[in-house]
Amino acid sequence: MYKLLVVDDEPKIREVIREYAEFNGYEVAEAEDGMSAIGLCKLNDYDLVILDIMMPKLDGFSTCKEIKKLQDLPIIMLSARGEEYDKLFGFELGIDDYIVKPFSPKELMARVSAVLARKNAGSGNKSNIMKFQGLDINIPARTVTVDGTRVNLTPKEYELLFYLIENRDIALSRDKLLSDIWGYDFFGDDRTIDTHIKNLRNALGPYRDFIVTLRGVGYKFECNE
């Protein structure tokens with residue numbers, strides 16, 4: 001049974017989410033603020049966090065950063081604000097989805113299911129380590145090493161790299177990358193993908209050219225060993 005952590009300072013919202021989540025077979029823990037959520041993550045293992053942005057003591061963005069330091073958890077962010085900046089900033093922090101209040105609990109559960117499915121697909125039946133010259137990707141451990149030195153990637157950077165490798169030598173548009181990895185309808189520009197690609201290339205160092213830019217299209221992973 002998947003275990004969800006619901007973090008929101010509004011008891012009624014936590015109650016509604018709990019009701020629908022338990023109906024869909026999830027186990028639910030609750031926190032009323034960011035500090036409490038971080039404390040729970042230090043003590044327990046969760047499969048996904050539903051996290052509000054506007055909270056007392058510690059806002060959702062700061063809470064997200066701290067949780068990501070503790071566990072590589074999928075995070076769906078809730079907000080009464082729908083500004084593009086908030087969405088982009090959330091995705092830069094590595095969240096998996098963003099829902100604007102008021103929201104449909106049924107839609108939230110559908111998104112929870114989709115995020116968990118993507119997470120499981122990314123750690124499914126694949127060989128343990130993929131090697132491309134001096135670049136090693138350990139899939140179950142979600143680690144990347146460059147010439148024997150481990151590099152630090154955000155969860156979204158890792159997912160993007162693995163997706164590119166899984167579909168290597170295939171041209172992938174920015175829209176497809178956003179749809180398949182972020183799982184939401186993107187109405188802004190392409191900065192989210194381009195920023196993550198730039199960070200990935202910097203992390204890969206001598207193997208940065210494995211990620212090829214296709215002008216007017218998107219990107220692909222290409223390694224001619």
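Predicted model: local features only at pLDDT ≥ 70, side-chain atom pairs only at ≥ 80, totals over all residues.
Figure 1. Lys-12 belongs to helix H1. Along the chain, 42 residues separate Lys-12 from Met-54, and the C-alpha atoms of these two residues are 15 Å apart.

Figure 2. Gly-25 is partly exposed, since its relative accessible area is 36%, a value between the limits of 20% for buried and 50% for exposed. Between the C-alpha atom of Gly-25 and that of Phe-61 the distance is 28 Å, for a separation of 36 residues along the chain.

Figure 3. The model holds 6 aromatic pairs. Tyr-2 lies in the segment before strand S1 (3-7) and Tyr-26 in the loop between H1 and S2, so the pair links distant parts of the chain, 24 residues apart. The two residues may also be described by their accessibility. Tyr-2 has a relative accessible area of 32% and is therefore partly exposed, whereas Tyr-26, at 11%, counts as buried.

**Figure 4. An edge-to-face aromatic pair, Phe-61 with Phe-89.** The rings of Phe-61 and Phe-89 form an edge-to-face pair, with 4.8 Å from centre to centre and 75° between the planes. This pair also links distant parts of the chain: Phe-61 is in helix H3 (residues 60-70) and Phe-89 is in helix H4 (residues 84-92), 28 residues apart. With a relative accessible area of 10%, Phe-61 is buried. Phe-89 is partly exposed, because its relative accessible area is 27%.

**Figure 5. A cluster of aromatic residues.** Four residues, Phe-132, Tyr-207, Phe-210 and Phe-221, form one aromatic cluster.

Figure 6. Most residues other than glycine have a negative phi, and most peptide bonds are trans. Lys-57 counts as exposed because its relative accessibility is 70%. Pro-102 is part of the loop that joins strand S5 (97-100) to helix H5 (105-122).

**Figure 7. The second largest pocket and its lining.** What is the volume of the second largest pocket? The volume is about 180 Å³. The lining of this pocket consists of 13 residues, and those nearest its centre are Asp-72, Arg-142, Arg-150, Leu-153 and Thr-154. At least two lining residues come from each of strand S8 (143-146), strand S9 (149-151) and helix H6 (155-166). By residue type, the lining has 5 nonpolar, 4 polar and 4 charged members.

**Figure 8. Helix H6, a mostly covered helix.** H6 has 12 residues and should span 16 Å at 1.5 Å a residue; the distance between its end C-alpha atoms is 16 Å, so the two values agree. Of the 12 residues of H6, 10 are buried, and the helix is mostly covered. Among the buried residues are the charged Lys-156 and Glu-157, along with Tyr-158, Leu-160, Leu-161 and Phe-162.

**Figure 9. Helix H8 and its buried side.** Helix H8 (residues 191-204) contains 14 residues and reaches 20 Å from its first C-alpha to its last, close to the 20 Å expected at 1.5 Å a residue. Which residues of H8 are buried? They are Thr-192, Ile-193, His-196, Ile-197, Leu-200, Arg-201, Ala-203 and Leu-204. These residues lie on the same side of H8 because they cover an arc of only 160° around the axis. Just after H8 comes Gly-205, with a positive phi of about 55°.

Technical notes:
Residues numbered from 1 in each chain as written. Heavy atoms only, no water. Buried < 20%, exposed > 50% of the residue type's maximum accessible area, 1.4 Å probe, protein only. 1 Å grid on protein atoms, 1.4 Å probe; cavity = no way out; pocket = protein on both sides within 12 Å on 5 of 7 lines; lining within 4 Å. Points joined across faces, edges and corners; volume = space filled by probe spheres on them. Helix = DSSP H or I, 4+ residues; strand = E, 2+ residues; numbered from the N terminus. Expected span 1.5 Å × (residues − 1). Arc of directions from axis to C-beta. Phe/Tyr/Trp six-rings, centres within 6.5 Å; stacked < 30°, edge-to-face > 60°.
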